[in-house]
Amino acid sequence: MGTQTRISGYHKKLAMVLAVFSILLVWQIAAWFLPGFLMPGVPDVMARLWKEIQSADFRAALWGSLGRLGVGYGAALVFGIGFGLVGAVLFFFREVLKSVIIILQSIPSIAWVPLFLILMGFGNLPIIIVVALSAFFPAALSVMNATESVQQVHVSAARVMGATRWDMIRHVYLPAVMPELITGAQLAFGNAWRALISAEMLVGFGKGLGRGLAYSGETADMVGVMANILVIAILAPLIDQLVLEKLKHRLLRYQYV
């Protein structure tokens with residue numbers, strides 16, 4: 001039986017640097033062979049990005065997107081984890097909820113935008129709801145699947161000691177599903193980020209990174225398009241590494257000793 005060795009932090013950072021370098025290299029090679037109005041080079045896009053970062057409009061767009069993401073993603077985690085844990089002690093509810101999720105998660109998140117625009121009008125709320133829906137499904141499903149693998153001996157022991165359903169959720173199921181919960185939260189974040197950018201591009205309301213990308217495309221500003229894509233590509237892994245990965249190491253520190 002082979003043994004799996006854990007990659008050190010240095011090698012992980014080196015792998016990330018090599019991945020970024022490879023992407024930029026392929027991008028620049030494509031720019032050399034294509035006209036500038038179709039594919040701007042990396043230096044031109046970096047110069048535009050540096051200029052944009054210093055502008056008030058960029059900061060307003062950034063905070064607008066992060067605000068919608070925070071509200072939608074936070075609500076999805078609260079309800080997803082809550083419903084998933086409730087499903088651990090209410091078996092019929094779990095089966096109903098799982099069936100609902102399996103049916104609805106096949107619908108692309110962007111398909112919900114016209115419905116919520118008609119119901120709620122233009123504003124932040126339709127975007128937030130779309131973000132929350134896209135993140136809710138993987139969060140709830142990961143928790144429910146994890147509760148099914150909790151050892152029956154632990155459940156039986158808790159019941160013998162007189163544990164209520166609330167006690168079972170707090171002291172048996174929640175600690176047991178924590179690794180899958182964190183993984184589900186990371187997967188939900190990826191869904192939420194993609195839904196946010198797509199919804200902002202389609203709704204065209206207010207300030208946001210998705211709206212900035214759509215506007216650059218509408219005006220055939222390829223440098224602006226690539227600069228916005230670069231920001232979107234950088235922010236998602238940055239948030240994942242600085243927030244979610246640190247939270248994962250803190251909550252699951254026993255796995256990293």
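What share of the contacts in the chain with a separation of 6 or more comes from residues 24 or more positions apart? The share is 72%, where a contact means heavy atoms within 4.5 Å.

Good morning. The structure under discussion is a predicted model, in which local features need pLDDT of at least 70 and side-chain atom pairs count only at pLDDT 80 or more, while totals for chains, interfaces and linings use all residues. Residues are numbered from 1 along each chain as its sequence is written, and side-chain values use heavy atoms, with hydrogens and water left out.

I begin with the overall fold. The chain contains ten helices and zero strands; here helices (H or I, at least four residues) and strands (E, at least two) are DSSP runs, numbered from the N terminus. Its pattern along the sequence accordingly reads α-α-α-α-α-α-α-α-α-α. Of the 257 residues, 39% are buried, that is, under 20% relative accessible area, with exposed meaning over 50% and partly exposed in between, for a 1.4 Å probe and protein chains only.

Let me turn to helix α9, residues 209-218. Leu209, Gly210, Leu213, Ala214 and Ser216 are buried there. They lie on the same side of α9 because they cover an arc of only 160 degrees around the axis, the arc being that of the directions from the helix axis to the C-beta atoms. On the other side of α9, Tyr215 and Glu218 are exposed. After α9 comes Ala220, with a positive phi near 55 degrees.

My last topic is the aromatic rings. Rings of Phe, Tyr and Trp (its six-membered ring) pair if their centres lie within 6.5 Å; planes under 30 degrees apart count as stacked, over 60 as edge-to-face and the rest as tilted. The count by this rule is six aromatic pairs. In one of these, Phe136 and Phe137 have ring centres 5.9 Å apart and planes at 70 degrees, so the pair is edge-to-face. Phe136 and Phe137 are both buried. Phe189 and Trp193, by their ring centres 6.4 Å apart and planes at 25 degrees, form a stacked pair. Both residues belong to helix α8 (residues 165-203) and sit four residues apart, about one turn of the helix. Phe189 and Trp193 are also buried.

Finally, ring pairs join Phe79, Phe83, Phe136 and Phe137 into a cluster. Thank you.
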